Every structure is written in structure tokens, then in C-alpha cells.
Amino acid sequence: MEHGQKELNAYEKLDKDVRKFERIFSFTVPVLAIIVSLAFVSIIIVWQKANPFEAFGALFSGAFGNPYSLGSSLNVAAPLIFSGVGIALAARGGIINLGAEGQIIFGGIFATLAATQISGIPAVVHVPLCLLVGFLGGALWAFVPAFFNARFGTNVMITTMLMNDIAMGICATLVKGPMMEKGGFAYQSEKVAESAKLPLLFTSLGSRLHLGFVVAVICAVIAYFVLFKSPVGHDIRVLGENPVVARHSGMSVLSTKILVLVIAGGLAGMGGACEILGAQYRLRSNFLMNYGYEALAVAMLANKNPLAVILSGILFGGLKTGRSSMSRAVDLPASFSMVLSGVIIFFVAISPILMELPRKLAMRDMQKKKEKEGKKNE
């Protein structure tokens, strides 16, 4: 009995130590992935007979070097943060949401309808209303695969991904038909009402930063506290870590699955709404092309932590904004920043291997101690 209690205490201590190291690894592994990616891309830049320091310097300057560039990078980061937070929440619940692309589009469609068809109300009412409608659009598009997954067990990755193509088709049809600008020749909607436009911040400094970025950060902070400090967040994490325990604990697995994916879709929809209301002011076909898939990389780099998604989103926003400056400075293709993004994604994707190291090393040390104690007892 005493031996069994000692072994139990040893395992509890092991688990406590491993969790401590896992928390450290959760921060250091993404940072290490970025550093290794920069080193790898530097080799490619040198191979192209260019200076990597000059290239990265131009990239940073073009992304964050002045108020205008910084504002542009943060504006680009806003929809990535919205969608990345949603994907992170869903992943914590054990759901891989590949449908952020379609959810962004539907958020943009709904927000555009609210911003063009409603008029005569003050901006303080119109802007939040359009954002809420954008959230509902993304949530509605996410509800369909969420319901079929929870009720019938359909593969949520396949259904969410297939619905992206449907959303693109619907958006293209709308901007070429019923939502097309009257008297216009381009395939685009009417311009949104002035009262629906997101306010610009720090315009006196030459910045074009809009309120959408601030809203995205607020949503990320709220998501963090809901996920880690609330009963709902506890249910989401239990569902993701051990679905069997979730079922036997009396949790409503069906409703929790639907809830987490609907929230994820709603946040992506708000990302689409912010782009329409704060940057483009019109709905166009493929207005945020591939942002849903890039948001998946943002969530991966952040290790599914909503607060870390903010930094990850800013990084990817800077890469998208500063790539033209890097191209001009060292005569590299503008698409080269996509190589850097892809390499970062690759190293982040294989980082779970490193995340397993603390537990494996701790188990190996514990096994060695047991073998030593066994030899002593002999």
C-alpha cells in the first residue's frame, strides 16, 4: 500500500513538472520556429545573391516603419486575428475548422447588406449593428457543418472546406446580380453608407488604422478569459482533450460542439465585416482571398492561445504589407514573402514533436530511477 502511494505521488510530481515545462515550451517552440524559418529563408536569399539583412530590414520597414505602414499592417491583421481566434477556440474543442474562408465571405455579405440597405441611423448605432450582422452571417454559415457533425458525425473538416467553395460562388453571383452597383460596370456592390464605416484612428499621424483592429484585440482578450476562466471554456477544453470524459461527465457534447463552431464562424464573419466596413467599403468577389487558410496558420503559430493570436496575426499582417518593400529593396519577387510564411507554417506544423519532449524525457528519467531502486532492493 505504501509503495503504491509513493508511486502515485511520483506520478503526480511528474505530471506537475511536465506541465510546467509544457507551458515554457508553448512559448519557446513558436519563437524557435520563427527563428529557424528566418535562418532557412536567409539561405535562400543568399543563394539568390541578395543580402538577407537588407531584405528583412526592408520588410520590417515596409510593414512597421511609419504610422501609415503600421496602420496598414494592423488593418490586414484584423481579419486574421478574428478568424484565428475562432479557429483556436474550435481547435481547443477538438474541432478543426477549415471553413473560415467561407465564414469570412458570409460575414462580409451580411455586413454589406446592413451597410447599404439601412440608412438614416447614427454611426454609433449603425457600425455595431453591421458588425453584429457580420457575426451572424459567419455563425449561420458555420452552423450547418456544426449541426451535421454533432448530430450525424459527418467529417467537419470536409464539410467546412467544401462550404468555402459554395460561399465563393454565392458571393460572385450576388455581386454580378442583385447586389451589383446600379449603373456600374465592375462586379461590386454599392458603397457602404458613411454611417457604417469604421472610424479611423490616429489620422493626424498619417495612419489609416481603423477601429476593427481594436475590436479584434478585444474579442481575443474576451475569448482568452472565456476559454480559461469560465465554465463554458472548461467544457470546451475537456471536450477537446478527452471526448469520452466529456460524455461521461454529463456534458452536452452536441450543444458544446455546435456552440464552439458557431462562435468560431461568427468571429470569422466579423473579420469579413471589418474588411468591408474599414478598408474596401464594397463587397467584391474573393475580397479576402485565402485569409481563412492563413488564419489557420495564425492559430497554429499561436499554439491555439487567443492572446498569442494577436501577435501571430500582426506578424502575418506585416509579412503581407511589407513584402513589396522587400521586393523593391533586394530585387526579389513580391511573392517571396509567401515563402517565408510557408516555411514558418511548416516549422510550426512539426512543432508538436517538440511539445512531446518534456513528457518523454520525464518518463525516461522516472524509468531510470525505478530501475536503480529495483537494483538496490535486490
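Leaving out neighbours within four places in sequence, Ser42 is in contact with Pro52 and Phe56, where contact means heavy atoms within 4.5 Å. Ser42 belongs to helix α1 (residues 2-47); helices here are DSSP runs of H or I with at least four residues, and strands are runs of E with at least two, both numbered from the N terminus. With a relative accessible area of 17%, Ser42 is buried. Buried means under 20% relative accessible area, exposed over 50%, and partly exposed in between, with a 1.4 Å probe and protein chains only.

The model is predicted, so local features need pLDDT of at least 70 and side-chain atom pairs count only at pLDDT 80 or more, while totals for chains, interfaces and linings use all residues. Residues are numbered from 1 along each chain as its sequence is written, and side-chain values use heavy atoms, with hydrogens and water left out.

Helix α6 (156-175) has 20 residues, which at 1.5 Å a residue should span 28 Å; its end C-alpha atoms are 29 Å apart, in agreement. The expected span is 1.5 Å times one less than the number of residues. At the start of α6, a side-chain oxygen of Asn155 comes within 3.0 Å of the backbone nitrogen of Met157. The buried residues of α6 include Val156, Met163, Ala167, Cys171 and Val175. Those buried residues pack against α4 (100-117), α5 (123-152), α10 and α11.

Next come the charged side chains. Side chains of opposite charge can pair when their charged atoms come close. A salt bridge is a side-chain nitrogen of Lys or Arg within 4 Å of a carboxyl oxygen of Asp or Glu, and the count comes to 3 salt bridges. One of them joins Arg282 and Glu181, at 3.3 Å from N to O. Arg282 lies in the loop between α10 (253-280) and α11 (291-301) and Glu181 in the loop between α6 and α7 (211-229), so this pair ties together parts that are 101 residues apart in sequence. Arg282 counts as buried, at 16% relative accessibility.

Glu294 and Lys320 also form a salt bridge, at 3.2 Å from N to O. This pair links distant parts of the chain, with Glu294 in helix α11 and Lys320 in helix α12 (residues 306-330), 26 residues apart. Glu294 is partly exposed at 22%, and Lys320 is buried at 19%.

Lys197 and Glu194 meet in a salt bridge of 2.8 Å, N to O. Lys197 is buried, with a relative accessible area of 16%, whereas Glu194 is exposed at 59%. The charged end of Lys197 also sits over the ring of Tyr281, 4.5 Å from its centre; this requires NZ of Lys or CZ of Arg within 6 Å of the ring centre and within 35 degrees of the ring normal.

Rings of Phe, Tyr and Trp (its six-membered ring) pair if their centres lie within 6.5 Å; planes under 30 degrees apart count as stacked, over 60 as edge-to-face and the rest as tilted. The count comes to 9 aromatic pairs. Among them, Phe60 and Phe64 have ring centres 5.4 Å apart and planes at 55°, so the pair is tilted. They are 4 residues apart in helix α2 (residues 52-64), about one helical turn. Phe60 is exposed at 52%. Phe143 and Phe147 are stacked, 6.0 Å centre to centre with 25° between the planes. Phe143, Phe147, Phe148 and Phe152 form one aromatic cluster.

Notes: A polar contact is a pair of N or O atoms within 3.5 Å; within protein, one must be able to donate a hydrogen and the other to accept it, and residues adjacent in sequence count only if both atoms are side-chain atoms.
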